[in-house]
Amino acid sequence: MTGQERSEEKSECVSLSPMMEADPALPESERVCVFGTGDLGHSLGLRLLQAGYGVVFGSRRPHSSSRLPHGAQVLGHAAAAQSAHLIFIAVQREHYDFLVPLANQLKGKVLVDLSNNLRKNQYPEANAEYLQSLVPGAEVVKGFNTLSAWSLQNGPSDANRQVYICGESAEAKEAVIAVATKLGLSALDRGSISVARELEDFPLQLFPQWRLPLRIAIGLSAAFFFYLLIRYVIYAYVTQGKDISFRIMVSLANQVCPIVSLIMLSLCYLPGVLASFLQLYRGTKYRRFPNWLDRWMLCRKQLGLLSLGFAFLHVLYTLIIPIRYSVMFWVTEHTVSLIRENRTTMFDTTTAWHDDSYLSLGILGFGLYVLLGITSLPSVINSLSWREFSFVQSKLGHLTLLLCTAHTYLYGWNRFLSSSTYKWYTPPGYMLCLVLPSVVLLLKLLLITPCVDRTITRIRQGWERGADQRNPKDSQPLIP
C-alpha cells in the first residue's frame with residue numbers, strides 16, 4: 001500500500017461521524033460485513049439485519065451511500081474489514097482490485113464470494129480462486145451465489161432455500177453455514193474451492209431439467225402438425241379442390257394438443273414401468289439403471305407438467321368451438337336447409353350415449369390431470385407424506401392415463417374400421433397417439449397381477465434372486 005493510499009484510508013476513517021462507526025456493543029461473531037452496496041448487497045444486508053446480525057457495509061463512498069437498509073452502518077473498506085470476521089464480497093470480479101491494498105486487514109478473515117459470470121468459462125479460473133490469489137491470507141468461501149437479490153429480500157421459497165458452499169477451511173465453511181442457517185437457508189458443503197467453478201455455473205443454467213421434455217414436446221408437436229396438415233388440408237385441396245386452410249389455426253391445433261398431451265403423459269409413466277421390468281429381469285434393486293433411463297426418470301415431472309399444459313390448450317380450443325365463424329355458418333346453413341326441405345332428424349340414443357360418455361371421461365381425466373399438477377408444486381409436496389404423494393402420482397396418475405386413453409378411444413368410436421378414415425392410406429392422428437398409452441397400460445396391468453407384484457415388492461425390500469442359495473438364513477420370504 002502506498003503512502004498516498006494509507007493517508008486516503010486514514011482520512012476516510014477519521015472523517016466518519018460517530019454514528020458511522022462500528023457498534024462495539026455487538027460481539028464480532030454477531031457482526032458481519034458486506035462489501036458492495038448494490039441490489040444484492042442491499043438485499044443481503046437487509047436479511048442479515050432481520051436475522052439479528054449487526055451489519056457493516058464497506059463502501060468507496062461511505063458518505064454518499066443512502067440506499068442502505070435502516071439500522072446498518074457504512075464505513076470505508078479498511079474500517080469495515082476490521083469490524084467483522086465474516087465479510088461478504090457482493091461485487092463483481094472486475095472490481096476485486098480494491099481488495100489488494102486491504103490484504104493486511106483481511107488476513108485471517110472469512111471472505112464469502114457471491115459473484116457470478118455472464119457465461120461459462122469466461123475466465124481461466126473460478127472467481128473464488130482468483131479472489132483467494134489476490135488475498136492469500138484470507139479464507140475464501142464460495143457461497144450464496146445461487147440466490148438473487150429478489151429472493152433474499154422477499155424470503156426464500158421452497159424452490160431456492162438451498163445454497164451451496166465450498167472452500168478449503170472447514171472452520172470458515174462452518175461459520176458461513178451458521179449464517180445461512182440463521183437466515184432460514186439450507187447450506188450444502190460441496191467440498192474444496194476447486195468446486196467453485198461448478199457452483200458459479202449453476203446460475204447460468206437455463207432450465208436444465210426442462211431441455212429434454214421441451215425437445216420432445218416441440219418434436220412431437222411439429223411432427224403431428226405436418227402429418228395432420230397433409231392428411232386434412234392438403235388432402236382436401238388435392239382430391240376435392242377445397243381450401244380449408246383456415247382450419248390450421250384452431251381445428252388443427254385442437255388435434256395436435258390432445259395428441260401430444262396423451263403421448264407425453266404416457267412418457268411420464270413408461271420409465272417407471274420399464275424400471276420395474278428391468279428389476280424383475282435382474283432380480284435385484286442394487287444395480288444402477290442405464291444412464292438414459294436415469295435421465296428419463298429424472299424429468300418425469302417436467303414431462304407431466306408439459307402434458308398438463310397441452311391438455312389446458314385442448315380444453316381452451318374446445319371451449320371456443322361454438323363461437324367460431326365457420327361453425328356458426330355451418331350450423332345456420334344446415335338449419336336453413338332442413339327448414340327449406342321440410343325435413344327433420346330423429347334423436348339417436350346411441351349417439352347421445354357416445355357423446356356424453358366421451359365428454360364425461362374427458363372432464364374426469366382433465367380433473368385428475370389438474371390434481372396431479374397441483375401435487376407437483378413444492379409447497380404441496382412438503383405437506384404430503386410419502387404414501388400420500390405416491391398414491392396421487394402413481395395410482396391416480398395411471399387412472400388419469402386410463403381415463404384419457406378411454407376418452408380418445410370413444411372419440412374414434414366406430415371410425416376405426418371405416419375405410420374413409422384412412423386418407424391416403426394413413427391412420428388419423430388420434431389412432432397413432434393411442435399406441436403408446438395402450439402399451440403402458442397393458443404393461444402396468446401385468447405388473448399389478450399378484451404373482452408379479454409380489455416379486456417386485458420383495459425385490460424393492462432388498463430380496464435378490466439367487467441370494468437364498470448363497471445364504472440359507474435368508475431363505476425366508478420377506479412378505480408372507
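My entries cover aromatic rings and then a charged patch.

I am working with a predicted model, where local features need pLDDT of at least 70, side-chain atom pairs count only at pLDDT 80 or more, and totals for chains, interfaces and linings use all residues. Residues are numbered from 1 along each chain as its sequence is written, and side-chain values use heavy atoms, with hydrogens and water left out.

**Aromatic rings.** I searched the whole structure and got 14 aromatic pairs (Phe, Tyr and six-membered Trp rings with centres within 6.5 Å; planes under 30 degrees apart are stacked, over 60 edge-to-face, the rest tilted). I opened Tyr358 and Tyr411, a tilted pair at 5.8 Å centre to centre with 40° between the planes. Tyr358 sits in helix H13 (residues 349-374) and Tyr411 in helix H15 (residues 386-412), so this pair ties together parts 53 residues apart in sequence. Helices here are DSSP runs of H or I, at least four residues, numbered from the N terminus.

I checked cover next: Tyr358 is buried at 18% relative accessibility, while Tyr411 is partly exposed at 31% (buried is under 20%, exposed over 50%, partly exposed in between, with a 1.4 Å probe and protein chains only).

Tyr409 and Phe416 are also a tilted pair, with 6.1 Å between centres and 35° between planes. Which cluster do these residues belong to? I found Tyr358, Tyr409, Tyr411, Phe416 and Tyr430 in one aromatic cluster.

**Charge.** Glu139, Glu168, Glu171 and Glu174 form a negative surface patch (over 30% relative accessible area, no salt bridge, like charges joined within 9 Å; a salt bridge is a Lys or Arg side-chain nitrogen within 4 Å of an Asp or Glu carboxyl oxygen). Glu174 belongs to helix H6 (residues 170-182) and is exposed at 54% relative accessibility.

Methods:
Patches are made of residues with over 30% relative accessible area and no salt bridge: like charges are joined within 9 Å, nonpolar side chains (Val, Leu, Ile, Met, Phe, Trp, Tyr) within 5 Å. Accessible areas come from the Shrake-Rupley method with a 1.4 Å probe; for residues, only the protein chains shown count as cover. Lys and Arg count as positive and Asp and Glu as negative; His and the chain ends are not counted. The place of a charge is taken as NZ of Lys, CZ of Arg, CG of Asp or CD of Glu. Helices (H or I, at least four residues) and strands (E, at least two) are DSSP runs, numbered from the N terminus.
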